[in-house]
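Here are my notes on the model you passed along. Have it open next to you while you go through the points.

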Amino acid sequence: MLDRTAFLKPIAHRGLHDRKHGRIENTAPAFALGLSRGYGLECDLQSAEDGTPMVFHDETVDRLMEGRGRLTQMSVKSLQALAYTGQDERMITFADFLELAAGRGPL
(Lines give C-alpha, C1' and ligand atoms only; values in the text may rest on other atoms or scores of the structure.)
Protein backbone atom coordinates (compact mmCIF):
# COMPACT_ATOMS: atom_id res chain seq x y z
CA MET A 1 0.00 0.00 0.00
CA LEU A 2 1.23 3.48 -0.85
CA ASP A 3 2.26 5.60 2.14
CA ARG A 4 0.65 8.91 1.23
CA THR A 5 2.40 10.71 4.14
CA ALA A 6 5.59 10.56 2.05
CA PHE A 7 4.01 13.19 -0.21
CA LEU A 8 3.55 15.59 2.70
CA LYS A 9 7.25 15.87 3.56
CA PRO A 10 9.28 18.88 2.51
CA ILE A 11 11.68 18.24 -0.38
CA ALA A 12 15.31 19.36 -0.16
CA HIS A 13 15.86 20.76 -3.67
CA ARG A 14 19.42 19.76 -4.67
CA GLY A 15 19.81 18.69 -1.07
CA LEU A 16 19.64 20.96 1.96
CA HIS A 17 22.41 23.20 0.67
CA ASP A 18 23.78 26.43 2.04
CA ARG A 19 26.98 27.64 0.47
CA LYS A 20 27.70 29.99 3.40
CA HIS A 21 27.85 26.95 5.67
CA GLY A 22 29.90 24.86 3.25
CA ARG A 23 27.12 22.66 1.85
CA ILE A 24 27.12 22.92 -1.93
CA GLU A 25 24.07 21.92 -3.97
CA ASN A 26 23.87 18.31 -5.16
CA THR A 27 26.62 17.08 -2.80
CA ALA A 28 26.61 14.22 -0.31
CA PRO A 29 26.67 16.56 2.75
CA ALA A 30 23.65 18.51 1.46
CA PHE A 31 21.71 15.29 0.88
CA ALA A 32 22.76 13.79 4.24
CA LEU A 33 21.54 16.86 6.11
CA GLY A 34 18.21 16.80 4.28
CA LEU A 35 17.72 13.15 5.16
CA SER A 36 18.69 13.73 8.80
CA ARG A 37 15.93 16.34 9.04
CA GLY A 38 13.31 14.06 7.51
CA TYR A 39 13.17 15.73 4.09
CA GLY A 40 12.67 14.04 0.76
CA LEU A 41 15.41 14.63 -1.79
CA GLU A 42 15.57 16.05 -5.31
CA CYS A 43 18.73 15.93 -7.37
CA ASP A 44 19.85 16.91 -10.85
CA LEU A 45 21.51 14.55 -13.30
CA GLN A 46 23.96 15.08 -16.13
CA SER A 47 25.73 12.38 -18.14
CA ALA A 48 29.46 11.78 -18.05
CA GLU A 49 31.24 10.90 -21.29
CA ASP A 50 30.29 7.19 -21.04
CA GLY A 51 26.64 7.95 -20.13
CA THR A 52 27.04 7.41 -16.38
CA PRO A 53 24.52 9.67 -14.60
CA MET A 54 26.32 12.18 -12.38
CA VAL A 55 24.58 14.24 -9.70
CA PHE A 56 25.14 17.77 -10.97
CA HIS A 57 22.92 20.58 -12.23
CA ASP A 58 24.92 22.40 -14.89
CA GLU A 59 26.08 21.13 -18.26
CA THR A 60 29.59 22.35 -17.42
CA VAL A 61 31.65 22.17 -14.23
CA ASP A 62 32.75 25.81 -14.54
CA ARG A 63 30.38 27.43 -12.00
CA LEU A 64 30.95 25.16 -9.01
CA MET A 65 34.14 23.17 -9.48
CA GLU A 66 37.86 23.75 -9.76
CA GLY A 67 37.91 22.97 -13.45
CA ARG A 68 36.33 23.75 -16.77
CA GLY A 69 34.48 21.70 -19.33
CA ARG A 70 31.30 19.89 -20.32
CA LEU A 71 30.34 16.82 -18.33
CA THR A 72 29.50 14.92 -21.53
CA GLN A 73 33.14 15.30 -22.60
CA MET A 74 34.65 14.10 -19.31
CA SER A 75 35.10 10.63 -17.82
CA VAL A 76 33.63 9.67 -14.45
CA LYS A 77 37.17 9.39 -13.08
CA SER A 78 38.12 12.89 -14.24
CA LEU A 79 34.87 14.37 -12.88
CA GLN A 80 35.40 12.76 -9.49
CA ALA A 81 39.00 14.03 -9.42
CA LEU A 82 37.71 17.63 -9.45
CA ALA A 83 36.94 19.32 -6.13
CA TYR A 84 34.16 21.80 -5.59
CA THR A 85 35.62 25.30 -5.41
CA GLY A 86 37.17 25.84 -1.98
CA GLN A 87 36.24 22.35 -0.75
CA ASP A 88 37.45 18.77 -0.68
CA GLU A 89 33.99 17.49 -1.66
CA ARG A 90 33.71 15.55 -4.96
CA MET A 91 30.93 14.94 -7.47
CA ILE A 92 28.90 11.78 -6.90
CA THR A 93 27.27 9.38 -9.31
CA PHE A 94 23.55 8.65 -9.25
CA ALA A 95 24.41 5.20 -7.85
CA ASP A 96 26.27 6.93 -4.98
CA PHE A 97 23.20 9.13 -4.40
CA LEU A 98 20.88 6.10 -4.22
CA GLU A 99 23.24 4.35 -1.80
CA LEU A 100 23.37 7.47 0.37
CA ALA A 101 19.56 7.79 0.39
CA ALA A 102 19.15 4.05 1.12
CA GLY A 103 15.35 4.28 1.24
CA ARG A 104 15.39 6.82 4.09
CA GLY A 105 13.04 9.23 2.35
CA PRO A 106 11.19 9.97 -0.87
CA LEU A 107 13.28 10.83 -3.91
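**Notes on the model**

1. Let me start with a tyrosine: Y84 has a relative accessible area of 0%, so it is buried (buried is under 20% relative accessible area, exposed over 50%, partly exposed in between, with a 1.4 Å probe and protein chains only). Its ring partner is F56: the ring centres are 6.3 Å apart and the planes sit at 40°, so this pair is tilted. Rings of Phe, Tyr and Trp (its six-membered ring) pair if their centres lie within 6.5 Å, and planes under 30 degrees apart count as stacked, over 60 as edge-to-face and the rest as tilted. F56 is in the loop between β4 (53-55) and α2 (76-81), and Y84 is in the loop between α2 and α3, so to speak 28 residues along, which links distant parts of the chain. F56 counts as buried too, at 1% relative accessibility.

2. A word on ground rules. This is a predicted model, where local features need pLDDT of at least 70 and side-chain atom pairs count only at pLDDT 80 or more, while totals for chains, interfaces and linings use all residues. Residues are numbered from 1 along each chain as its sequence is written, and side-chain values use heavy atoms, with hydrogens and water left out.

3. On the fold: the protein chain has 3 helices and 4 strands, in the order β-α-β-β-β-α-α along the sequence. Helices (H or I, at least four residues) and strands (E, at least two) are DSSP runs, numbered from the N terminus.

4. Overall dimensions look like this. Along the principal axes, the C-alpha atoms fill a box of roughly 45 × 30 × 20 Å. Buried residues account for 36% of the 107.

5. Back to the rings. The count comes to 3 aromatic pairs. In one of them, F31 and F97 have ring centres 4.8 Å apart and planes at 70°, so the pair is edge-to-face. F31 belongs to helix α1 (residues 28-36) and F97 to helix α3 (residues 94-101), 66 residues apart, so to link them is to link distant parts of the chain. Both F31 and F97 are buried. Ring pairs also bring F94 into a cluster with F31 and F97.

6. Which residues have a positive phi although they are not glycines? R14 is one of them, at about 65°, and N26 is another, at about 60°. R14 is in the loop between β1 (11-13) and α1, and N26 is in the loop between β1 and α1 as well. R14 is buried at a relative accessible area of 16%, and N26 counts as buried at 1%.

7. Two more positions to look at. Q73, in the loop between β4 and α2, counts as exposed at 57% relative accessibility. Q73 and E49 are 24 residues apart in sequence and 5.0 Å apart in space, C-alpha to C-alpha. S78 is in helix α2 and is partly exposed, with a relative accessible area of 28%. From S78 to H57 it is 21 residues in sequence and 17 Å in space, C-alpha to C-alpha.
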